[in-house]
Amino acid sequence: MEIKEIMQNVNSFFAEHVAPPHKITSVEKAEEEGWRVTVEVIEEKEYMKKYAKDEMLGTYDVLVNQDKEVTSFKRVDIRYRSKIES
């Protein structure tokens, strides 16, 4: 149940402060106390639709503490959604 709660908290945080998550691709226990989560977010969805462009997908690294609160996040990649990851 702990991972489920972490995922819910990360989803809520991103929906409120960044953008609604497209997908959480990993949740793992961090060496230090807490968790590391990888989140994919569709960036600037309305802008891309307006100009008939492929959506951009941002990948974020997120740190979550023992209380299951997001303590930091950073975007580590951005790519077109249709581009296959290598």
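Analyst: A residue is buried when its relative accessible area is under 20%, exposed when that area is over 50%, and partly exposed in between. The model discussed here is predicted.

User: Why is Phe14 called buried?

Analyst: Phe14 has a relative accessible area of 0%. Buried requires a value under 20%, so Phe14 is buried.

User: What makes Phe13 partly exposed?

Analyst: The relative accessible area of Phe13 is 22%.

User: How do you know that the rings of Phe13 and Phe14 form a pair, and what kind of pair is it?

Analyst: The ring centres of Phe13 and Phe14 are 5.9 Å apart, and rings pair if their centres lie within 6.5 Å. The planes of the two rings stand at 65 degrees. Planes over 60 degrees apart count as edge-to-face, so the pair of Phe13 and Phe14 is edge-to-face.

User: How many aromatic pairs does the structure hold, and which residues do ring pairs link into a cluster?

Analyst: There are 5 aromatic pairs in the structure. Phe13, Phe14, Tyr60 and Phe73 are linked into a cluster by ring pairs.

User: What is the strand order of the open sheet, and why are β1 and β4 said to stand at its edges?

Analyst: The open sheet has 4 strands in the order β1-β2-β3-β4, and their pairing is antiparallel. β1 (21-29) and β4 (70-80) each have a single partner strand, so one side of each lacks a neighbour in the sheet. From one strand to the next, the twist averages 20 degrees.

User: How do you know that β3 pairs with β2 and with β4?

Analyst: Two strands pair if at least two bridges are found between them. β2 and β3 have 9 bridges, in the antiparallel sense, with Arg36 opposite Leu63 in β3. β3 (residues 56-64) and β4 are likewise joined by 9 bridges and run antiparallel. Asp61 stands opposite Lys74 in β4, and Val64 has Val70 in β4 as its bridge partner. β3 and β4 form a hairpin with 5 residues between them, and Lys68 in the turn has a positive phi of about 65 degrees.

User: Why is β3 described as largely enclosed?

Analyst: Of the 9 residues of β3, 7 are buried, so the strand is largely enclosed by the rest of the structure.

User: What does helix α1 touch?

Analyst: Helix α1 (residues 2-17) packs on the sheet and touches β1, β2 (35-43), β3 and β4. Contact requires heavy atoms within 4.5 Å. The direction of α1 makes about 140 degrees with that of β1.

How values were computed. Residues are numbered from 1 along each chain as its sequence is written. This is a predicted model: local features need pLDDT of at least 70, side-chain atom pairs count only at pLDDT 80 or more; totals for chains, interfaces and linings use all residues. Side-chain values use heavy atoms; hydrogens and water are left out. Helices (H or I, at least four residues) and strands (E, at least two) are DSSP runs, numbered from the N terminus. Axes are lines fitted to C-alpha atoms, for helices over the stretch in contact, and angles run from 0 to 180 degrees between N-to-C directions. Rings of Phe, Tyr and Trp (its six-membered ring) pair if their centres lie within 6.5 Å; planes under 30 degrees apart count as stacked, over 60 as edge-to-face and the rest as tilted. Buried means under 20% relative accessible area, exposed over 50%, partly exposed in between (1.4 Å probe, protein chains only).
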